[in-house]
Amino acid sequence: MASQHPIAAASAKFPKPADRTFQYGTAGFRMKAAILDSVVYRAGLLAALRSRKLNGQIIGVMITASHNPPDDNGVKLVDPMGEMLEGTWEAYATILANAPSDQALVEAYDKFTLDMKIDSAIKPRVIFARDTRASGPRLVTALVAALEASGTEYTDYKLLTTPQLHYITRCLNTKGTTYEYGEPNEQGYYEKLSAAFRAAMGTKKFNGSVTVDCANGVGGPKLRELIKYLPSPTEGGLEIKVVNDDVVEPERLNHQISYQCGADFVKTNQRAPPSSHSTPLARCASLDGDADRIMYYFVDSDNSFHLLDGDRIATLAALYIGDLARNAGLGEKLKVGVVQTAYANGASTAYITQDLKLPVVCTPTGVKHLHHAATKFDVGVYFEANGHGTVLFSDVALKRINKYEPQSPAQSSALDVLRALTALINQTVGDALSDLLLVEIILAHKSWGPKEWDLTYTDLPNRLGRIEVADRNIFKTTDAERKLESPPGVQVQIDALVGKYKNGRSFARASGTEDAVRVYAEAATKGEADELAAKVADVVK
Ligand code: 16G
Ligand code: ZN
């Protein structure tokens, strides 16, 4: 018998569960960690192919399941500029993951090499990292086996937040070019953020503290590390109180019941994690399990809870950056735009278009869609309501900002802050740590507490529901998920219902991560929003 192909030989150690079909979805592959070994092995092969196809540029691989429970895990690929894997390659990932045997896997791998004219002489290069889940080290073994079987040069960055891996990927691929992004290591990340933070802060002093719930995930130790690089509260710096940063017991991660922590807990339960001990009007924030999402919140003097979600961060950033651009004398030269999804509260959209007078684009759910749309503006602010987002500065915008000669001291100081923000804000992907510092800088410069921020507009009451259906795949949307084109006739019924409610708006879409359909509704009062959601759910069932 001929000796076995190294890829098949290594694959035999990570057999594919016969009864499973896998799909590279909006956030890569994600499922129970126990059945993920073959998927990670095969994702490693795809990373090697992708690197070869891009002439040996470095591809990132992140092992994380973000806000999911501790016994889940996942894997996703990062493209050379730190962006998410290009859409067409998601299908290749799915094909490799589902190859029924080791031999079929080698055939698919060889076929991709041939079809895409990939030069096998090129040495692939891959870097990877993981979050704090207990299954991480085991899955790394599967990944390394794939990288070795495919002749890939690799570096293990161990524990990182997802955005840190995106950052390092971009740094490595731009090193020595005019687009150099930073030092390609964790320390370089903290140094870049802290230098930008100090520059943006200028002589401003911080008022009060911010309490950050780290979901007992990788964001905890990384935030503690970042704090070491930031100006201390005694120097007028920001006081950051870290809570829920226990990564020794991985089962505490994102825990909604006993340990009550994380961005999802806050959004779902509309209350602060008990450990944040929030006092009236104190700033609080929660991260998710891999620190790419952040939610702010506070309790008012009457103890009512107020969530400041991704829509709020987007509007705050758009307001402030728009003002800075005008004050720096670049108002006409920097077109600021905001990208949202259908989940954005209608009041936030109205505020952006009517008060801030900025354009809004709506895209389907999933960071890659928002990110892509944001690149079309000089300054593209994008956030999902769930707290994932960032602000992108185009190359043209960066040149204008960096070259502009200020005409007055006022222009000069606005320009300094604007320049600092272009370095403070992670340009690769939404980053909870970078977003945290951004929000704090803006609030400090505006001398705003959470209440003033909250008062910029009033959210329309809304309701999000989850409906189990026989087959979610029959639900096909159009118009950035705001309308259903299939099943036929359903949209007409939704429209008729919406028409009966003041400020009514509702849509239904199949979830990309769960076997369910989500229904969102908003209306003038809470009772009406609940009623509309329930009626639309009845139509969908
Ligand atoms: C994924 C997406 C997230 C989106 C969510 C929607 C990324 C990195 N993550 O987690 O942005 O909000 O899916 O989930 O793109 P759904 O399709 O189940 O509603
Ligand atoms: Zn996440």
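Helices, with at least four residues, and strands, with at least two, are DSSP runs that are numbered from the N terminus. In that numbering, Pro487 belongs to the loop that runs between strand E17 (483–486) and helix H17 (490–498). The structure described here is a predicted model, in which the protein chain has an average pLDDT of 96, with 99% of the residues scoring at least 70. For the model, the ipTM is 0.97 and the pTM is 0.97.

**Domains**

- The protein chain is divided into domain 1 (6–159), domain 2 (187–307), domain 3 (310–431 + 447–454), which is written as two segments, and domain 4 (462–540).
- Between domain 1 and domain 2, the C-alpha centres are 32 Å apart, and the contact between these domains involves 12 residues of domain 1 and 13 residues of domain 2.
- Sorted by class, the side of domain 1 that touches domain 2 is made up of five nonpolar, five polar and two charged residues.

- The shell around ligand 1 has 13 residues, of which Ala27, Val367, Ser511, Gly512 and Thr513 come nearest.
- When these shell residues are sorted by class, two are nonpolar, eight are polar and three are charged.
- Ligand 1 lies between domain 3 (310–431 + 447–454) and domain 4 (462–540), because both of these domains give residues to the shell around it.

**Packing of helices H10 and H11**

- Two packed helices are described by the angle between their axes together with the distance between those axes.
- For helix H10 (residues 310–327) and helix H11 (residues 346–355), the packing angle is about 10° and the axes are 10 Å apart.
- Angles under 35 degrees count as roughly parallel, and H10 and H11 are therefore roughly parallel to each other.
- From H10, the residues Asp311, Thr315 and Ala318 take part in this contact, where they meet Ser348, Tyr351 and Ile352 from H11.
- By class, the contact of H10 with H11 consists of three nonpolar, two polar and one charged residues.

**Backbone details**

- The peptide bond that leads from Ser486 to Pro487 is cis, with its omega near 0°, and Pro487 is the residue placed above in the loop between strand E17 and helix H17.
- Lys158 is a residue other than glycine that has a positive phi, with a value near 60°, and Lys158 lies in strand E5, which covers residues 153–159.

Key: Residues are numbered from 1 along each chain as its sequence is written. Chains are lettered from A and ligands numbered from 1 in the order in which they are written. This is a predicted model: local features need pLDDT of at least 70, side-chain atom pairs count only at pLDDT 80 or more; totals for chains, interfaces and linings use all residues. A residue is near a molecule or strand if its C-beta atom, placed from the backbone, lies within 6 Å of it. Ala, Val, Leu, Ile, Met, Phe, Trp, Tyr, Cys and Pro count as nonpolar, Asp, Glu, Lys and Arg as charged, and the others, Gly among them, as polar. Domain bounds come from an automatic or database domain assignment. pLDDT is the predictor's confidence in each residue, from 0 to 100. Axes are lines fitted to C-alpha atoms, for helices over the stretch in contact, and angles run from 0 to 180 degrees between N-to-C directions. Angles under 35 degrees count as roughly parallel, over 145 as roughly antiparallel, 65 to 115 as roughly perpendicular and the rest as oblique. Two residues are in contact if their C-beta atoms, placed from the backbone, lie within 7 Å.
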